[in-house]
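Please open the model in your viewer and keep the selection tool at hand. This tour moves from one selection to the next and says what is there.

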Amino acid sequence: MPDLYAYTDGACSGNPGPGGWGVLLRAMDGDAVVKERELSGGEADTTNNRMELLAAINALETLAKPSVITVVTDSAYVKNGVTGWIFGWKKNGWKTSNKKPVKNVELWRRLDEAQRRHNVTWEWVKGHAGHPENERADELARAGMTPFKPTKAGQ
């Protein structure tokens, strides 16, 4: 059975502002790419963190059956949230340690539900550091944002 990877990224023009998310799904057999799929989308008025979360959510929700997958993100917010903070938030009724509501709670709940179906390993990579798959996910996120960016007159 091939190894499955999802390389995810989010982008925002202004924060908040128009944003996009991108996913490069790749099935690998050793060093050989067996299958590849690209996903992207965006919103007119959003934040970078929301786009990072939506990239991970869409990567997991698009899988038709329960899978063993490694999600690779350049977002410490997503990685730390899903592998650490979320356990306390759930225990505290989706409140932070300061008793404040968790930001983006509906997306964190959706991510929690999406990953429940799968055996997920989360990895963090440094963004904009020449990691080819992360760079591709960034390109997809920027493409997802494009329809929501205002156009300049004369273009």
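**Rings and helices**

Select Trp 89, which counts as buried at 10% relative accessibility, where buried means under 20% relative accessible area, exposed over 50% and partly exposed in between, with a 1.4 Å probe and protein chains only. This is a predicted model, in which local features need pLDDT of at least 70 and side-chain atom pairs count only at pLDDT 80 or more, while totals for chains, interfaces and linings use all residues. Residues are numbered from 1 along each chain as its sequence is written, and side-chain values use heavy atoms, with hydrogens and water left out.

Trp 85 and Trp 89 are four residues apart in helix α2 (residues 76-91), and so are separated by about one helical turn; helices are DSSP runs of H or I with at least four residues, numbered from the N terminus.

Their rings form a tilted aromatic pair, 6.0 Å centre to centre with 50° between the planes. Rings of Phe, Tyr and Trp (its six-membered ring) pair if their centres lie within 6.5 Å, and planes under 30 degrees apart count as stacked, over 60 as edge-to-face and the rest as tilted.

How many aromatic pairs does a search of the whole structure find? The search finds five. For one of them, select Tyr 5 and Tyr 7, whose ring centres are 6.1 Å apart and whose planes lie at 15°, so the pair is stacked. Tyr 5 is partly exposed at 23% relative accessibility, whereas Tyr 7 is buried, with a relative accessible area of 10%.

Definitions and conventions
Helices (H or I, at least four residues) and strands (E, at least two) are DSSP runs, numbered from the N terminus.
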